[in-house]
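Here are some notes to read alongside the model, written as numbered points. Please keep the structure in view as you go through them.

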Amino acid sequence: MSRQMVIAYIGNGKSANRYHIPFVLTRADKIRIKKIYTPDHSRDTWKEIPGVEYVEDIDDILKDEEIQAVILSTPHETHYPLAKRVLEAGKNCVSEKPFTETKAQAEELFALAKEKGLMMQCYQNRRFDSDFLTAQKVIESGKIGDVTEVEISFDYYRPEVPLNRTFDPFRSFLYGHACHTLDQVISYFGVPDRVQYDVRQLLGEGRMNDYFDVDLFYGTRLKATVKSSYFRVKTRPAFTVYGMKGMFVKEVKDKQEEHLKMFYMPGQPGFGEDKPSEYGTMIYMDENGRYHEEKVPTVTGDYGRFYDALYETVMNGKEQLVKPIETITQIGIMEKGMKGLR
């Protein structure tokens with residue numbers, strides 16, 4: 001049996017129990033959850049996890065010498081002060097998204113982690129979405145040629161959300177959803193040369209940001225676009241990739257979130273998998289000028305791969321999966337994108 005990495009969570013809500021813990025429990029040979037902080041355990045609605053100690057004092061985690069990494073699964077406004085507290089206690093730290101509210105806060109946390117010889121990282125589980133992984137497979141096959149354009153959409157028809165919210169730059173659609181898709185672009189293509197913004201309040205000034213369309217440019221050829229709206233009765237394709245020789249379209253998003261909401265868990269047969277009817281389509285011209293149109297079996301996603309990488313960083317000293325510059329760039333883009341909205 002390999003050495004176990006001992007972790008703790010600050011926060012015992014939906015994020016921890018839906019998007020983190022189910023994947024960690026499938027890796028019990030490598031990772032042990034020792035403690036979970038919750039401000040009032042008597043009010044928690046999630047079932048207790050056998051063998052885990054629930055505490056109502058954060059110091060019970062920060063002063064526990066056995067705990068090697070602390071994961072923050074709390075509201076976004078708490079990430080900066082809590083991460084700072086974790087690092088100052090000498091613990092490695094992972095924070096949910098949005099990582100911080102400002103670029104300056106992100107830079108400060110990474111500088112503090114470096115000073116103390118610790119790891120600070122953003123939880124970017126959607127690097128392991130099936131649509132993103134499949135798009136990478138297509139690009140790397142070379143069949144569609146050099147990529148010129150990528151479009152990533154994250155749409156809903158949920159008008160009740162913007163109708164019931166007033167303006168808050170950090171509770172915007174841009175911060176809440178581009179934190180996923182911007183990271184996908186930056187993690188694969190790198191830091192963009194320039195960024196163009198179309199960030200709107202479709203219901204007018206004083207209401208939440210409910211639409212965005214952000215273009216990231218690389219050199220003279222490549223443009224990657226991330227876009228979302230709360231007012232799409234029919235959603236746009238999750239992923240569209242255009243190359244010099246063809247294109248790839250994936251209509252359906254990754255299934256992990258859908259299955260988790262139904263309490264269908266990692267490790268169960270078919271978890272996160274697409275049906276053949278949900279596969280993406282690749283269309284291209286080959287070197288002989290012949291037209292091809294074919295379905296591409298979906299690469300199965302697995303959010304738990306973030307924890308595999310975290311294990312290698314904490315236990316074996318490997319480079320962290322989500323680099324500080326990637327997170328700083330993403331926060332800077334979102335922060336700038338909200339300027340001018342009121």
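Predicted model: local features only at pLDDT ≥ 70, side-chain atom pairs only at ≥ 80, totals over all residues.

How are α4 and α10 oriented to each other, roughly parallel or roughly antiparallel?

1. The axes of helix α4 (residues 103-116) and helix α10 (residues 324-337) come within 8 Å and cross at roughly 165°. Angles over 145 degrees count as roughly antiparallel, and α4 and α10 are therefore roughly antiparallel to each other. The crossing of these two helices is right-handed.

2. On the α4 side, the contact is made by K103, A106, E107 and F110, while α10 contributes P324, T327, I328, I331, G332 and E335.

3. Strand β9 (residues 211-218) deserves a careful look, because eight of its eight residues are buried, so that the strand is largely enclosed by the rest of the structure. Y211, D213, D215 and F217 point one way from β9, whereas F212, V214, L216 and Y218 point the other way, and all of them are buried.

4. On the pairing of β9, strand β8 (residues 194-200) runs antiparallel to β9 and is joined to it by seven bridges, and within this pairing D198 has D213 of β9 as its bridge partner.

5. Strand β10 (residues 222-229) also pairs with β9 in the antiparallel sense, over eight bridges, with S229 of β10 as the bridge partner of Y211. β9 and β10 form a hairpin with three residues between them, and in the turn G219 has a positive phi of about 60°.

Technical notes
Residues numbered from 1 in each chain as written. Heavy atoms only, no water. Buried < 20%, exposed > 50% of the residue type's maximum accessible area, 1.4 Å probe, protein only. Helix = DSSP H or I, 4+ residues; strand = E, 2+ residues; numbered from the N terminus. Pairing = 2+ DSSP bridges. Axes fitted to C-alpha atoms, helices over the stretch in contact; angles between N-to-C directions. Parallel < 35°, antiparallel > 145°, perpendicular 65-115°, else oblique. Left-handed = near helix turned anticlockwise from the far one by under 90°. Contact = heavy atoms within 4.5 Å.
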